[in-house]
Amino acid sequence: EVAVENMQAYRKLSSQLSTDVHLTENKSTIKNIVFILGESTNRNHMHLYGYYLPNTPHLDALNDKGEISVFRDVVSPHSTTIAVLSELFTFCDHESDKPWYEYTNLIDVMNAAGYKTHWLSNQESSGIWGNVAQIYADHSTMHKFTRIRDSKEDTGILDEELFPLIDNALADRSPEKNFYVVHLMGGHGLYYNRYPYEFNKFTAEDIRLNVSPRYKEVISQYDDALYYNDYIVSTIIDKFRDEETLLIYVPDHGEAVYDEGGFAGHIEENPSRHMIEIPVIMWASDKFKARYPGKWEEIQAAVDRPYISDDMIHTVLDLADIKTAEYNPAKSIVNSAFDASRPRIFNDLNYDTQILPGRVSEAK
């Protein structure tokens, strides 16, 4: 049922041309905007967010140096990739009264604003789960996948295989303005497929949750996957260090890893907070900070605001100085007009009043 709807949505959106985009303002001058789209990343399993295992050494170091802004209170609107992507990159959100594919999407907006758009992905290039991402890829100026594969195949292609794709995109960039989306496999199960042997750092003995040894083994593999993800994200940052660049890292959703009982993964039904509590990190190069000191101050001032990522398009456009009729400053986390009182709804449940209070006591 949903699969058929998604296929129809795919065809319909694919047939909608980007000529629909109407910019009401375009003062965009940022040379490089990089959007790292993570996967299945639960911030509660990151040392950067207070987790007890040291699995984010690179991001910790960047944070200590004041190079990144770490947003502490962001949740995703869904816990599956296809559902999140239909809102993360469009003006569709919980209050919307039309299907997601009838809304303007970020790729077409950036194209219209004069950006060369690059879609670089380590996720499947076909198959039902890849559909929404495939549409955005098709709408990008250029798109590259690490290799052609379907949703059902998972041979553990590592995220580092994106590095040469990024290098090629940098070599082939527009001299004016570029928008890059880098789509990771991140913390997607099977966790042991996500990292190479040398990132085998943690073992079941390191896990403090009161669960079975078998579960502890899986948790340690997830924590290794995030240890590797720390290396991936920080390496991508380094590739843009000498350019005028604003980089935004947002995973699609979180991941439960036996944090509250016998479940690991992400599902839309009966969600736990672990499936939707995500890290959001912004980094800017020295050249960016020198040219846009006010923007970096706005970013730093916003890190504790409560946010839900179905509004992320408003934040990106705000930072880029691009406006459309749908743009709403109250939905941009960095804007002084930001509305912190907007309910954060996950599948008709209020995160702050219905999901968060369900917190069980956790091993410290």
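Select Asn111 to begin: this residue sits in helix H4, residues 106-112 (helices, H or I, have at least four residues and strands, E, at least two; both are DSSP runs numbered from the N terminus). The model is predicted: local features need pLDDT of at least 70 and side-chain atom pairs pLDDT 80 or more, while totals for chains, interfaces and linings use all residues. Residues are numbered from 1 along each chain as its sequence is written, and side-chain values use heavy atoms, leaving out hydrogens and water.

Next, show the neighbours of Asn111. Leaving aside residues up to four places away in sequence, Asn111 touches Thr117, His139 and Thr141 (contact: heavy atoms within 4.5 Å).

Now select the sheet. Its eight strands run in the order E5-E4-E6-E2-E7-E10-E3-E11, as an open sheet with mixed pairing (two strands pair if DSSP finds at least two bridges between them). At the edges, pairing on one side only, are E5 (142-145) and E11 (307-308).

Within the sheet, pick E7 (residues 245-251) and E10 (residues 277-284), antiparallel strands joined by four bridges. Tyr249 has Ile281 in E10 as its bridge partner.

Finish with helix H10 (residues 312-320), which packs on the sheet and touches E2 (32-38), E6, E7, E10 and E11. The direction of H10 makes about 175 degrees with that of E7 (axes are lines fitted to C-alpha atoms, for helices over the stretch in contact; angles run from 0 to 180 degrees between N-to-C directions).
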